[in-house]
Amino acid sequence: MTDTDYMKLALLEAKQAAAEGEIPIGAVLVCRGAVLAAAHNRRENDHDPTAHAEILALRRGAERLGRWRLTECTLYVTIEPCAMCAGAIMNARIGRLVYGAADVRAGGVDSFFHICEGAVMNHRLAVCSGILAEECSRLVDEFFLTHR
């Protein structure tokens, strides 16, 4: 499968989040070509401020692998991770991050905080952005038009 194929899976998760009244962000964790975990935002339904798609996918993937270091994994996310999620991605030692659309207001990777670039960090990861960006962004924009 390609980055686009995996992002389409993340988009399915994001659509599920929207159907549940959650901000439509989805994440898929892949290791050596196998999907380890897929998740979507669950903050409202779980009453948990940390229940972002990325955090849930990382937790499920680490549990499935039986370890917290996810160096050979790629995380696909529909929207650029926030600061909390970018920190978790770094702490999980994710090998590669692929995200769809930038989050210019609160993006923790490229747009605002640049957490994954810090010279003081003891981990480096590859970042690829813009995969299905228009579709990822449109889903969030439509959600906010109808919910706020």
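Tutor: Start with a cut-off: exposed means over 50% relative accessible area, buried means under 20%, and partly exposed lies in between. Keep in mind that this is a predicted model.

Student: Why is H47 called exposed?
Tutor: Its relative accessibility is 70%. The cut-off is over 50%, so H47 counts as exposed. H47 sits in the loop between helix 2 (43-46) and helix 3 (53-65).

Student: What makes the phi of H47 worth a remark?
Tutor: Phi is positive, about 55°, and H47 is not a glycine. Most residues other than glycine have a negative phi. H114 also has a positive phi, near 60°, and is a residue other than glycine.

Student: Why is H114 called partly exposed?
Tutor: H114 has 32% relative accessibility. H114 is in the loop between strand 4 and strand 5 (126-129).

Student: How do you know that the buried residues of helix 5 are on the same side?
Tutor: The buried residues are C136, L139, V140 and F143. They cover an arc of only 90° around the axis, so they lie on the same side of helix 5. On the other side, E134, L145 and T146 are exposed.

Student: What covers the buried residues of helix 5?
Tutor: The cover includes helix 1 (3-19), strand 3 (73-79) and strand 4 (96-101).

Student: How do you know that the span of helix 5 agrees with its number of residues?
Tutor: Helix 5 has 15 residues, which should span 21 Å at 1.5 Å a residue. Its end C-alpha atoms are 21 Å apart, so the two agree.

Definitions and conventions
Residues numbered from 1 in each chain as written. Predicted model: local features only at pLDDT ≥ 70, side-chain atom pairs only at ≥ 80, totals over all residues. Heavy atoms only, no water. Helix = DSSP H or I, 4+ residues; strand = E, 2+ residues; numbered from the N terminus. Expected span 1.5 Å × (residues − 1). Buried < 20%, exposed > 50% of the residue type's maximum accessible area, 1.4 Å probe, protein only. Arc of directions from axis to C-beta. Contact = heavy atoms within 4.5 Å.
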